[in-house]
Amino acid sequence: LVDVWARTYMLRLTWLRSFASQENAWLSQIVKLAASDIQKSLGNVGSAIEGSASMLLSDDSVMSKHVLYAVGTSIAGGTSEIQKNIIAERVLGMPR
């Protein structure tokens, strides 16, 4: 749980840094990738805490939404593999 909190805090700082300057436009790709990874980790933590009840979508369980939507967030902004390829090509300058 502390690991997810620390990564979320670092993601927030990186997100704020990406808005501070137009020169850091490539940071948005890293923020997208990190956010989907954190969402998956939060879903895993939630399912470990709530157990099998985390798989049932109910109004009183916030964690069930994180568990069920964790996979969708990695697909919504472009799959994580595509984000990694974009970062490798544009940020790191690696060939296709």
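1. Start with the aromatic rings: this predicted model holds one aromatic pair. The ring centres of Trp5 and Tyr9 lie 5.7 Å apart with planes at 15°, so the two are stacked. (Rings of Phe, Tyr and Trp, the last by its six-membered ring, pair if their centres lie within 6.5 Å; planes under 30 degrees apart are stacked, over 60 edge-to-face, the rest tilted.)

2. Why are Trp5 and Tyr9 separated by about one helical turn? They sit four residues apart in helix H1. (Helices are DSSP runs of H or I with at least four residues, numbered from the N terminus.)

3. How open are these two? Trp5 counts as exposed because its relative accessibility is 58%, while Tyr9, at 42%, is partly exposed. (Buried means under 20% relative accessible area, exposed over 50%, partly exposed in between, with a 1.4 Å probe and protein chains only.)

4. Now look at Leu13, also placed in helix H1, which covers residues 2–20. Leu13 is partly exposed, since its relative accessibility is 40%.

5. Over to Val91, in helix H4 (residues 80–91). With a relative accessible area of 29%, Val91 is partly exposed. Leaving aside residues up to four places away in sequence, Val91 touches Trp26 and Ile86 (heavy atoms within 4.5 Å). The C-alpha atoms of Val91 and Trp26 are separated by 6.7 Å, although the residues are 65 apart along the chain.

6. A word on the ground rules. Residues are numbered from 1 along each chain as its sequence is written, and side-chain values use heavy atoms, leaving out hydrogens and water. Local features need pLDDT of at least 70, and side-chain atom pairs count only at pLDDT 80 or more, but totals for chains, interfaces and linings use all residues.

Note on methods
Helix = DSSP H or I, 4+ residues; strand = E, 2+ residues; numbered from the N terminus.
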